[in-house]
Amino acid sequence: QVQLVESGGGLVQAGGSLRLSCAASGRTFSNYTMGWFRQAPGKEREFVAAINWSDGTTDYADSVKGRYTVSRDNAKNTVYLRIASLKPEDTAVYYCAARRQWPLRHEANYWGQGTQVTVSS
């Protein structure tokens, strides 16, 4: 059974940086796309970033390009999301997601439970 477990969220000040982690288990992910979505209060869940597990190709939502970086460590079966220059509008629950194919923008086969990121001004 596939499990995605996020960590690294918390309360941070605007201007700081944060790195979220997603530990994946339950199968090999060599043909998967892994990534992140977020859901801010009162808003729908939206795509943030994705990475192809095999070749490292990345994809970002336009709204996060330049400040967000997605990466993976194949040996650790872990996907990361680094957020730089945090802004209050980055406040959201961040979800790790996995899909059996590319891309990840609109749907996923597996979801993590989410980790809260709150940015104070």
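**Figure 1. Arginine 45 lies over the face of tyrosine 95, at 5.0 Å from the ring centre.** The charged end of arginine 45 also sits over the ring of tryptophan 111, 3.7 Å from its centre. A charge sits over a ring if NZ of Lys or CZ of Arg is within 6 Å of the ring centre and within 35 degrees of the ring normal. The model is predicted, so local features need pLDDT of at least 70 and side-chain atom pairs count only at pLDDT 80 or more, while totals for chains, interfaces and linings use all residues. Residues are numbered from 1 along each chain as its sequence is written, and side-chain values use heavy atoms, with hydrogens and water left out.

**Figure 2. Phenylalanine 29 and tryptophan 53 form a tilted aromatic pair.** The structure holds five aromatic pairs. In this one, the rings are 5.9 Å apart centre to centre, with 50° between the planes. Rings of Phe, Tyr and Trp (its six-membered ring) pair if their centres lie within 6.5 Å; planes under 30 degrees apart count as stacked, over 60 as edge-to-face and the rest as tilted. The pair links distant parts of the chain, 24 residues apart: phenylalanine 29 is in the loop between β3 (18-25) and β4 (33-39), and tryptophan 53 is in the loop between β5 (46-52) and β6 (58-60). Strands (E, at least two residues) are DSSP runs, numbered from the N terminus. Phenylalanine 29 is buried, at 1% relative accessible area, and tryptophan 53 is buried at 4%. Buried means under 20% relative accessible area, exposed over 50%, and partly exposed in between (1.4 Å probe, protein chains only). Ring pairs link Phe29, Tyr32, Trp53 and Tyr110 into a cluster.

**Figure 3. Cysteine 22 and cysteine 96 form a disulfide.** A disulfide is a covalent bond between the sulfur atoms of two cysteines; here a pair of cysteine sulfur atoms within 2.5 Å is counted as one. The sulfur atoms of cysteine 22 and cysteine 96 are 2.0 Å apart. The pair links distant parts of the chain, with cysteine 22 in strand β3 and cysteine 96 in strand β9 (residues 92-99), 74 residues apart. Their link is left-handed, with -80° about the S-S bond, and both cysteines are buried.

**Figure 4. A cis peptide bond joins tryptophan 102 and proline 103.** Omega is about 0° at this bond. Proline 103 is placed in the loop between β9 and β10 (110-111).

Key: Helices (H or I, at least four residues) and strands (E, at least two) are DSSP runs, numbered from the N terminus.
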